[in-house]
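This report describes a single protein chain, moving between individual residues and the fold as a whole. Please read it alongside the sequence and the coordinates shown here.

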Amino acid sequence: SLAVADASAIQVGDVLQLDQLDDPSYVVIGDQIYGKRGPRPADVNGPSSPGGYRSVGQQVEVVSKEGNVLGLATATHVAFDARFSPQVFKTATARRGEPGTRSVGLEDVHVSGGQNNNIVLLNVAYAWVRNVESDGDPGTGPGVSGTHIALLHAYRCEIRECYVHHARRIVPGGGAYGIAISSQSSENLVEDNVARYLNKPIVVAGSGGGNVVAYNYVDDAFIATHPTWQETAIDANHGAFSHHDLFEGNWATNIGSDSTHGNSGWHVFFRNYAPGMNSTVRRTANVRAVGVDGFNREHTFIANVLLQPGLTVNDRAPVYESTS
């Protein structure tokens, strides 16, 4: 349950975002200001937060209401603390005239040509994308810039049996992402997809927890302007503060979390196969099966198969490495 100051405008069935100001005991922001509320005017991330950035949040669904006490469909994924001014706002409601879209799907189509992403699920609940090819190859069509399929403030949505590939410029900066879970999206399922030939084929940035990324084939992550660097195929964190997501049964070149734009915590990687090297776009630097960068915390790896047999890079065999 969740007690709010005034629940008069909230109804059973509404999906809200619950977030709080950053708790410095575990949130390291870095330079990440995207995909979260902050001290700027209201925007796609939600209402302004004059008190500071809100890296930790999740989507919650209201299933009961008694006065100003809301009953939620599931438990919160982290302990929200009154010291950090938790707030809620609407993201996907159950009625017309309010923010959000519910129970809609996109199936059996070919999408290409996006100038600022191909498919975006923003402020959605119980939506889905199935059997869609998001084609970013400029060699055979108009290509794509941005993210192929993006989830923002998404709750209990599903991305299944899709093929996302290529981009106009496969370089860092968000112009060549595959499937992206961000903006405190929660409890979504990304399953049985193929993502290839991209900068970050599957990426999480500021998730809300409870997301499952399972049984996908994720390969050939690279940077076109950096001919040696092995990029991350499934990146569980590219922006603070992703948390409490499950990555299960994927074939992915490599797995882990970076800390380029902040840290993350409490992710689980279970029964994945990570050979460490792209199948087609071979690289010689930053080659690894698992990488957990500094400040990321409480990551659990169970029953994964790591490294392809006999892998060497510049005549060197892989080693386990832990650094400061």
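A73 counts as partly exposed, because its relative accessibility is 34%; here buried means under 20% relative accessible area, exposed means over 50%, and partly exposed is in between, with a 1.4 Å probe and protein chains only. A73 is placed in the loop between β4 (69-72) and β5 (87-92), where strands (E, at least two residues) and helices (H or I, at least four residues) are DSSP runs numbered from the N terminus. Leaving aside residues up to four places away in sequence, A73 touches E61, V63, Y155 and R156, a contact being defined as heavy atoms within 4.5 Å.

## Basis of the model

The model is predicted, so that local features need pLDDT of at least 70 and side-chain atom pairs count only at pLDDT 80 or more, whereas totals for chains, interfaces and linings use all residues. Residues are numbered from 1 along each chain as its sequence is written, and side-chain values use heavy atoms, with hydrogens and water left out.

## Overall fold

The protein contains 29 strands and 0 helices. Its radius of gyration is 19 Å, which agrees with the value near 20 Å that a compact globule of 324 residues would have; this radius is taken over C-alpha atoms, and the globule rule is 2.2 Å times the number of residues to the power 0.38. Taken along the principal axes, the box filled by the C-alpha atoms is roughly 65 × 45 × 35 Å.

Of the 324 residues, 53% count as buried. Among contacts between residues at least 6 apart in sequence, 68% join residues at least 24 apart. The protein exposes about 13,600 Å², and carbon and sulfur atoms supply 53% of that area, as computed by the Shrake-Rupley method with a 1.4 Å probe, where for residues only the protein chains shown count as cover.

## Charges and salt bridges

There are 23 positive and 32 negative side chains, and the centres of the two sets lie 3 Å apart. In this count Lys and Arg are positive and Asp and Glu negative, while His and the chain ends are not counted; each charge is placed at NZ of Lys, CZ of Arg, CG of Asp or CD of Glu. The structure holds 21 salt bridges, each being a side-chain nitrogen of Lys or Arg within 4 Å of a carboxyl oxygen of Asp or Glu.

R130 takes part in a salt bridge with D108 (4.0 Å, N to O). Because D108 lies in the loop between β7 (105-107) and β8 (110-112) and R130 in strand β10 (residues 128-130), this pair ties together parts that are 22 residues apart in sequence. R130 also meets E161 in a salt bridge (3.5 Å, N to O); since E161 lies in the loop between β13 (158-160) and β14 (163-165) and R130 in strand β10, the pair ties together parts 31 residues apart in sequence. R130 is partly exposed at 32% relative accessibility, and E161 is partly exposed at 31%.

A further salt bridge joins the side chains of R160 and E191 (2.6 Å, N to O). That pair links distant parts of the chain, with R160 in strand β13 and E191 in strand β16 (residues 189-191), 31 residues apart. E191 counts as buried, at 18% relative accessibility.

## Backbone geometry

Most residues other than glycine have a negative phi, and most peptide bonds are trans. A240 and F241 are joined by a cis peptide bond with omega of about -5°, and F241 is in the loop between β21 (234-235) and β22 (246-248).

S85, although not a glycine, has a positive phi of about 50°; S85 lies in the loop between β4 and β5 and is partly exposed, at 33% relative accessibility. R271, also not a glycine, has a positive phi of about 55°. R271 sits in the loop between β25 (268-270) and β26 (273-274), and its relative accessible area of 44% makes it partly exposed.

## R283, a buried loop residue

R283 lies in the loop between β26 and β27 (290-292) and is buried, with a relative accessible area of 10%. Not counting residues up to four places away in sequence, R283 touches F222, I223, H226, P227, T228, W229, Q230, M277 and N278. The C-alpha atoms of R283 and G262, 21 residues apart along the chain, are separated by 26 Å.
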